[in-house]
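Please keep the viewer open as you read.

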Amino acid sequence: DPACGTGGFLTEVFRTLRDAFAVSKPNDKAAHEFLTKECIYGFDVQDSNVGRAKINMFLVGDGHTHIQRKDSLGDIALLKEDNDLGFDYVVANPPYGQGETSFPIGDAGTTKRKELAFLARIVDLMKIGGKACVIVPDGVLENYSFSHIRKSFLAQVHLDAVVSLPVHAFAPYTKEKTFALFFT
């Protein structure tokens with residue numbers, strides 16, 4: 001998760017994987033080692049979020065979190081230090097809204113919108129054939145002025161599904177209408 005915050009998404013991913021391993025590979029020590037020591041990565045720009053995310057991951061049983069303070073919209077090489085080929089799976093609920101600087105978004109130019117910058121960065125971070133689930137506000141899909149960005153995005157990925165989420169799915173943090181984009 002390139003914008004892991006306090007680790008809410010990552011803890012749920014860990015729980016889901018842990019439960020799946022418990023059913024499919026109940027006594028597989030290698031699978032357990034992989035899950036608890038090598039599988040989960042999270043980056044956030046704020047030290048306080050990183051500290052909370054590490055604690056939250058530890059509390060759900062992740063024994064060796066790869067939660068680090070990194071600027072995911074900064075230098076991509078820093079994000080790929082441990083995995084230079086990219087990531088198999090990316091999950092994220094990145095921040096929304098106007099940023100202070102412009103971020104590159106592939107062929108579509110630049111944007112100050114954080115949600116668009118993170119969406120482009122997530123595509124950059126994925127392996128060929130990798131999968132992602134990213135939560136985006138409705139403007140990403142519905143704002144006419146973002147049509148060139150959507151076109152660029154769709155040229156790079158295969159959109160597997162778009163799931164409309166309830167208006168208050170992320171309340172009290174936001175009451176904005178959101179969608180989950182699943183893509184390869």
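## Two packed helices

Let us begin with helix α1 (residues 8-24) and helix α2 (residues 29-37), which pack at an angle of about 175° with their axes 11 Å apart. Axes here are lines fitted to C-alpha atoms, for helices over the stretch in contact, and angles run from 0 to 180 degrees between N-to-C directions. α1 and α2 are therefore roughly antiparallel to each other; angles over 145 degrees count as roughly antiparallel, under 35 as roughly parallel, 65 to 115 as roughly perpendicular and the rest as oblique. Helices (H or I, at least four residues) and strands (E, at least two) are DSSP runs, numbered from the N terminus.

Which residues make this contact? On the α1 side they are Phe 14, Leu 17, Arg 18 and Phe 21, and on the α2 side Ala 31, Leu 35 and Thr 36. Contact means heavy atoms within 4.5 Å. By class, the contact residues divide into 5 nonpolar, 1 polar and 1 charged.

## How the model was read

This is a predicted model, in which local features need pLDDT of at least 70 and side-chain atom pairs count only at pLDDT 80 or more, while totals for chains, interfaces and linings use all residues. Residues are numbered from 1 along each chain as its sequence is written, and side-chain values use heavy atoms, with hydrogens and water left out.

## The open sheet

Now to the strands: 4 of them form an open sheet with mixed pairing, in the order β3-β6-β8-β7. Two strands pair if DSSP finds at least two bridges between them. At the edges are β3 (87-92) and β7 (159-164), each of which pairs on one side only. On average, neighbouring strands of this sheet are turned by 10° against each other, direction ignored.

Strand β8 (residues 178-183) is joined to β7 by 5 bridges, and the two run antiparallel. Within that pairing, Leu 159 stands opposite Phe 183, and Ser 164 has Phe 179 as its bridge partner. Strand β6 (residues 126-137) also pairs with β8 in the antiparallel sense, over 6 bridges; there, Val 134 is partnered by Leu 181. How many of the residues of β8 are buried? The count is 5 of 6, so β8 is mostly covered, where buried means under 20% relative accessible area, exposed over 50%, and partly exposed in between (1.4 Å probe, protein chains only).

## Aromatic rings

The model holds 3 aromatic pairs. Rings of Phe, Tyr and Trp (its six-membered ring) pair if their centres lie within 6.5 Å; planes under 30 degrees apart count as stacked, over 60 as edge-to-face and the rest as tilted. One of the pairs is Phe 43 with Phe 87: the ring centres are 6.5 Å apart and the planes stand at 65°, so the pair is edge-to-face. Phe 43 lies in strand β1 (residues 41-44) and Phe 87 in strand β3, so the pair ties together parts that are 44 residues apart in sequence.

Together with Tyr 41, Phe 43 and Phe 87 form one aromatic cluster.

## Some single residues

Thr 6 sits in the segment before α1 and counts as partly exposed at 34% relative accessibility. Its C-alpha atom is separated by 4.8 Å from that of Asn 49, 43 residues apart along the chain. Not counting residues up to four places away in sequence, Thr 6 touches Asn 49, Arg 52, Ala 53 and Asn 56.

Val 157 belongs to the loop between α7 (147-156) and β7 and is buried, with a relative accessible area of 13%. Leaving aside neighbours within four places in sequence, Val 157 is in contact with Val 123, Phe 183 and Thr 184. Pro 104, by contrast, is exposed at a relative accessible area of 56%. Pro 104 lies in strand β4 (residues 98-104) and touches Gly 109 and Thr 110, again not counting residues up to four places away in sequence.

Notes. Ala, Val, Leu, Ile, Met, Phe, Trp, Tyr, Cys and Pro count as nonpolar, Asp, Glu, Lys and Arg as charged, and the others, Gly among them, as polar.
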